[in-house]
Structure formats: C-alpha cells, structure tokens
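Here are my notes on this model, as numbered points. Please read them with the structure open.

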Amino acid sequence: MQFYPPLQSATLIRRYKRFLADVITPDGRELTLHCANTGAMTGCATPGDTVWYSTSDNPKRKYAHSWELCQTQVGDWICVNTLRANQLVREAIEQQRIPELSGYSNLAAEVRYGSENSRIDLLLQAQDRPNCYIEVKSVTLLQQGCGYFPDAVTLRGQKHLRELEAMAEQGQRTVLFFAVLHSGIETVAAAHHIDPRYAELLTQVQKNGVEVMCYGAELSAGGIHLAERLPLVMAFR
C-alpha cells in the first residue's frame with residue numbers, strides 16, 4: 001500500500017473525543033485531524049510524537065485530514081488508522097504474499113454470516129475446499145517488549161471469536177489474523193491483563209479449530225506492506 005498523495009508530517013498536540021487530534025505543522029499551523037481509531041491507543045498518541053496524515057479532496061468531509069501513522073519519540077512507527085488493517089491483508093492475499101492463504105479463486109469482504117449478526121472481514125472461496133473466514137485485528141499495543149491484543153475490553157471482539165468458533169465447528173476454515181502495525185512489536189499475546197475473557201476465548205477457539213496468524217509490517221511515510229510472520233505466545237494458558 002502506497003500513500004498517494006504523499007503523507008505530510010506534524011507534531012501531535014493531543015488526541016481527544018476519540019475521533020479527533022490536534023497537531024501543529026512544521027510551518028506553525030494548527031490542524032484538527034480525523035482519527036479513525038476508536039481504541040485506547042495506549043502508547044500511540046503521546047504529545048510530541050510525529051504524526052503523518054493524509055488529505056482528502058472530498059468537499060463534504062468536515063475534517064479533510066486523516067491521521068495515518070505515528071512516529072514515536074523512540075523511533076517506532078505505528079499505523080493508527082485501523083481501517084488500513086483490512087486493506088493490507090486483502091492486498092497481501094491478492095498479491096499471493098501470504099502462503100497460508102493462497103490458492104483461493106474468490107475473495108469477498110464484509111459478508112454477513114453467523115448467528116450473532118456479524119460481518120466477516122474477508123471470505124475466501126474455492127471449488128475444491130471449504131470456505132475460509134478471516135477476521136482481521138490490528139495490533140498496536142506494545143508493553144514489556146510484547147504486542148498485545150486487545151488494548152481495551154472488547155465485547156465485539158469476543159463475539160467475533162464465538163462466530164469463528166461456530167463456523168469451524170461446521171467444517172469451515174476460520175482464521176483470526178493479527179495485523180501487527182507497530183514496528184517495535186516482534187511477538188504477539190492475548191492481553192489477559194486487559195480483557196481476560198477475550199484471552200480465555202482465544203485459547204478456547206484455538207483448541208476448537210480456529211487458526212491464528214500474526215504478521216508484522218514494514219511501515220514508513222511512503223507506504224505500508226505486510227512482511228514476515230510473527231510468533232503468537234501465551235496462546236494457551
């Protein structure tokens with residue numbers, strides 16, 4: 001994924017009201033950016049960090065600028081726009097850069113499924129194999145050298161695990177895909193200390209056939225690309 005037009009940089013003043021962030025540009029202008037991340041963003045929104053933002057030419061938008069990346073004061077790159085995770089995984093699958101998810105002839109997004117009125121992020125289909133249901137999650141929380149998910153209690157995320165487990169029990173292939181969008185994260189774990197129920201469910205669904213994949217990314221102001229597979233630790237407890 002390349003950013004076009006190129007991203008512009010600014011310094012973060014504050015993030016507030018979940019969807020907004022104030023920044024100051026190199027020439028001294030103060031701007032308000034839209035923030036497409038509704039999570040806690042722990043460690044990803046420290047005043048003084050460098051923000052990289054995109055600009056839309058849509059005249060109907062209230063805020064023309066969108067916060068895409070954060071460059072922390074210790075040098076880590078983080079994608080804070082959670083909408084990018086699905087796009088990156090889809091792009092990587094279409095370009096055959098995820099060997100475990102190759103060989104399918106059709107890819108669809110946001111398909112309704114399950115008994116809890118969910119939409120699966122990505123659905124892969126082929127004539128000679130079961131459907132593959134992929135739920136994508138963005139991982140950006142770095143603590144004590146490990147990446148954790150979730151960064152806040154997530155009832156929605158718990159529902160997604162139950163839905164994947166139910167599809168696996170029906171004989172379909174199911175994948176929980178952690179897109180690790182923080183350059184400082186090298187391993188991923190369930191955040192037992194934040195959402196113990198989610199962690200318990202993750203252990204349960206793995207035992208019942210849900211696959212878990214973690215992939216890191218190469219991040220820069222020029223673009224983002226999924227890179228190498230990363231290990232999932234503390235999956236079973």
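1. β2 and strand β3 (residues 30–34) run antiparallel and are joined by five bridges. Within this pair, aspartate 22 sits opposite threonine 32 of β3. Keep in mind that the model is predicted.

2. The β2–β3 hairpin has five residues between its strands. Glycine 28 takes a positive phi there, near 95 degrees.

3. On to the other partner of β2. Strand β1 (residues 8–16) pairs with β2 in the antiparallel sense, again over five bridges. Leucine 12 has valine 23 of β2 as its bridge partner. The hairpin of β1 and β2 has three residues between the strands. Here lysine 17 has the positive phi, near 50 degrees.

4. Is β2 mostly covered or mostly open? Strand β2 (residues 20–24) is mostly covered. Of its five residues, four are buried.

5. Next, a sheet elsewhere in the chain. Four strands make up an open sheet with mixed pairing, in the order β10-β11-β13-β16. Its edges are β10 (141–143) and β16 (232–233), each of which pairs on one side only.

6. At the β16 end of that order, strand β13 (residues 188–190) and β16 run parallel. Two bridges join β13 to β16. Valine 188 stands opposite leucine 232, a residue of β16.

7. Now the pockets. The largest has a volume of about 830 Å³.

8. Which element gives the most to the lining of the largest pocket? That is β9, with five residues. The elements that each supply at least two residues are α1 (83–94), β8 (118–125), β9 (132–139), β11 (146–149) and α2 (155–169). Note that β11 is also a strand of the open sheet in point 5.

9. By class, the lining of the largest pocket splits into 12 nonpolar, 12 polar and eight charged residues.

10. The second largest pocket holds about 170 Å³ of space. It is lined by 13 residues, and Tyr4, Ser54, Thr55, Glu68 and Arg84 are the closest to its centre. β4 (50–55) and β5 (65–71) each supply at least two residues of this lining. By class, the lining of the second largest pocket has five nonpolar, five polar and three charged residues.

Methods: Residues numbered from 1 in each chain as written. Predicted model: local features only at pLDDT ≥ 70, side-chain atom pairs only at ≥ 80, totals over all residues. Heavy atoms only, no water. Pairing = 2+ DSSP bridges. 1 Å grid on protein atoms, 1.4 Å probe; cavity = no way out; pocket = protein on both sides within 12 Å on 5 of 7 lines; lining within 4 Å. Points joined across faces, edges and corners; volume = space filled by probe spheres on them. Nonpolar A, V, L, I, M, F, W, Y, C, P; charged D, E, K, R; others polar. Buried < 20%, exposed > 50% of the residue type's maximum accessible area, 1.4 Å probe, protein only.
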